Amino acid sequence: MEIIPNVHLVPGVRGVNIYLLVGSDLTLVDAGMPGHDSAILGYIDSLGLAGAKLTRIVITHHHLDHVGGAAAVKQRASSLLLAHPADAPFISGEQPPLPAQSTILRMLFRLLGPVLPRAQPVPVDATLQDGDHLDLLDGATVLHVPGHSPGSIALHFPSERLLICGDTISNRGNRLGPPPKVFTADMDQAIASLRRMAELDFDILCPGHGAPVVGGAGEQLRALVRQLA
Ligand SMILES: [Zn+2]
Ligand SMILES: [Zn+2]
């Protein structure tokens, strides 16, 4: 589904948003859960872009629902994987996942651990730092917006007035909010990151979960940040 020209939400994927950016080559932002690779590559085929190179996969943060499908896509499309250095060790498997923030969740994970899907570790080919410029659409700037995870990033596209934010901003029932507390490593840091993003000029928001907001997203985020004051 094309949200704005050359920015697609990959259909047929439940529970998480995967975005495809179309230019002279293709870029994926997040790769969904393990097993989502066929939906991604099938969608690229359906757009008639099978001949275009899926050059890179940008991972917004290390959580399973965003990185789980990356190993298979990377292998099938020979893409480069890009992420922030603070999340890279969790993606590459050099460090075990951070413990959940709530006792109940920690107990659940311990009980269900053996049957839960796991992300196959995947090498990070290049790291993205705050302020890096990426040649995507009409140009994107990388923002390091930690809190939800240590290395969460967002991509700001000033010309398109677009922000792709991973899980740093939630959209539940068309209401923007902070990321869910139980899955967030450092809530104070996450709120500070919200304030930083609220200062950006953007109108369209592509979050990791919930519907994209097309129009008025920056204003909605500024209203949220005022409420949090
Ligand atoms: Zn997350
Ligand atoms: Zn998520």
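Which residues of strand β14 (residues 204-207) are buried on one side, and which on the other? I204 and C206 are buried on one side of β14, and L205 and P207 are buried on the other, which leaves both faces covered. Buried means under 20% relative accessible area, with exposed over 50% and partly exposed in between, for a 1.4 Å probe and protein chains only. In a regular strand the side chains alternate between the two faces of the sheet.

This is a predicted model, in which local features need pLDDT of at least 70, side-chain atom pairs count only at pLDDT 80 or more, and totals for chains, interfaces and linings use all residues. Residues are numbered from 1 along each chain as its sequence is written, chains are lettered from A and ligands numbered from 1 in the order in which they are written, and side-chain values use heavy atoms, without hydrogens and water.

- Helices (H or I, at least four residues) and strands (E, at least two) are DSSP runs, numbered from the N terminus.
- Two strands pair if DSSP finds at least two bridges between them.
- β14 pairs with strand β11 (residues 162-166) in the parallel sense, over 4 bridges.
- I164 has C206 of β14 as its bridge partner.
- With strand β15 (residues 213-214), β14 pairs in the antiparallel sense over 2 bridges.
- L205 stands opposite V213 of β15.
- The hairpin of β14 and β15 has 5 residues between the strands, and G210 takes a positive phi near 80° there.

**The seven-stranded sheet**

- An open sheet of 7 strands runs in the order β1-β2-β3-β4-β5-β6-β7, with mixed pairing.
- Its edge strands, β1 (2-4) and β7 (126-127), each pair on one side only.
- Strand β6 (residues 80-83) pairs with β7 in the parallel sense over 2 bridges.
- A126 in β7 is the bridge partner of L82.
- Helix α3 (residues 70-77) packs on the sheet and touches β4 (26-29), β5 (54-58) and β6.
- Contact means heavy atoms within 4.5 Å.
- The direction of α3 makes about 165° with that of β5.
- Axes are lines fitted to C-alpha atoms, for helices over the stretch in contact, and angles run from 0 to 180 degrees between N-to-C directions.

- V29 sits in strand β4.
- V29 counts as buried because its relative accessibility is 1%.
- Leaving out residues up to four places away in sequence, V29 touches N17, I18, Y19, L21, V58, T60, L155 and I164.
- V29 and A154 lie 125 residues apart in sequence and 10.0 Å apart in space, C-alpha to C-alpha.
- D37 belongs to helix α1 (residues 37-46).
- D37 is buried too, because its relative accessibility is 11%.
- Beyond four places in sequence, D37 touches G69, A72, V73 and R76.

- A pocket is an open set of points on a 1 Å grid over the protein atoms alone, where a 1.4 Å probe fits, with protein on both sides within 12 Å along at least five of seven lines; lining residues have an atom within 4 Å of a point.
- Its lining includes S170, R172, R175, L176 and G177.
- α7 gives the most to this lining, with 5 residues.
- L176 is found in strand β13.
- L176 is buried because its relative accessible area is 10%.
- Among the residues that L176 touches are L205, V213, Q220 and L224.
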